[in-house]
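Please look over the sequence and the model below before reading on.

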Amino acid sequence: MKMLKFLVKGITKALSTNFFAKLLFGVDCSQSNIYYQIGFSTILMKKSLKKFVKPHDKVIDIGTGAFAIHAIWIKKNIGAEVTATEISDEYIESAKRVAKANKASIKVIKSDLFKSAKGNFDWAIFNPPFRGREDSDGYRITERLLKESPKNIKLMIVSNAFYADLRRIEGIIRDNGYAMIEVITAFLNPSKVYVIEKRT
Ligand SMILES: C[S@@+](CC[C@H](N)C(=O)[O-])C[C@H]1O[C@@H](n2cnc3c(N)ncnc32)[C@H](O)[C@@H]1O
């Protein structure tokens, strides 16, 4: 198990380079001076976006990170309207620079989850920050997202089984009145994307 964790960490570190951001997402992140990880969850989310997001959709990418990688990918590959949010000023600056360098017309705003985001959205996507399976902040923020999300929105929440207890996340989803539309997985990827909507 220790060896496997070490391997996953090593692969994640390798995936953090601009080379892989370009290879996997077609996004040039060289304008960012921030060291940022593109992990298994980031990669798996693309599979879910490809399957569900349509060109006429409006998407909010919550916690877009320093590269706004999903937001830029959606805009350039699907054409949907995207608002990217971040809590970190440093990441917002970096995300704006990366979006500009990639000629992606996305909105990048400072917002604590949905708080400062205006308008209606069809999809909210989120890769919650987890420092480890016992990190209660990660579960708390996932729960907040579910409680604070607008009525008719559908959500994609992605998490890596090495950093989060996925059963606990599934429990939070169920206990907050959401139904599974689909669970996206991929061979040799320890993450899962939960595609969910509010139960009626
Ligand atoms: C695991 S990273 C995901 C980055 C990127 N979306 C990805 O999938 O690779 C989580 C991000 O959420 C941001 N974040 C944490 N709390 C937040 C909050 N309350 N509102 C918005 N963003 C938040 C963090 O700053 C971080 O960039």
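What follows takes these parts in turn.

This is a predicted model, in which local features need pLDDT of at least 70 and side-chain atom pairs count only at pLDDT 80 or more, while totals for chains, interfaces and linings use all residues. Residues are numbered from 1 along each chain as its sequence is written.

Around the ligand there are 19 residues, of which T42, G63, G65, I87 and N127 come nearest; a residue is near a molecule if its C-beta atom, placed from the backbone, lies within 6 Å of it. Two or more residues of this shell come from each of α3 (40-52), α4 (69-77) and β2 (81-86), where helices (H or I, at least four residues) and strands (E, at least two) are DSSP runs numbered from the N terminus. The largest contribution is that of α3, with three residues. By class, the shell holds eight nonpolar, nine polar and two charged residues, with Ala, Val, Leu, Ile, Met, Phe, Trp, Tyr, Cys and Pro counted as nonpolar, Asp, Glu, Lys and Arg as charged, and the others, Gly among them, as polar.

In α6 (residues 136-148), the buried residues are G138, Y139, I141, T142 and L145. They lie on the same side of α6 because they cover an arc of only 165 degrees around the axis, the arc being that of the directions from the helix axis to the C-beta atoms. The face turned away from that buried side carries the exposed residues S136, D137, R140, K147 and E148. Among the elements covering the buried residues of α6 are β1 (58-62), β4 (123-126), β5 (154-160) and α7 (166-175), contact being taken as C-beta atoms, placed from the backbone, within 7 Å.

Of these, β1 is largely enclosed by the rest of the structure, because four of its five residues are buried. Five bridges join β1 to β2, and the two run parallel, where strands pair if DSSP finds at least two bridges between them; I60 stands opposite T83 in β2.

Finally, K103, in the loop between α5 (89-101) and β3 (107-110), has a positive phi of about 50 degrees although it is not a glycine. K103 is exposed, with 9 other C-beta atoms within 10 Å.

Definitions and conventions
The expected span of a helix is 1.5 Å times one less than its number of residues. A residue is buried if 20 or more other C-beta atoms lie within 10 Å of its own, exposed if 12 or fewer, and partly exposed in between; C-beta atoms are placed from the backbone. Two residues are in contact if their C-beta atoms, placed from the backbone, lie within 7 Å.
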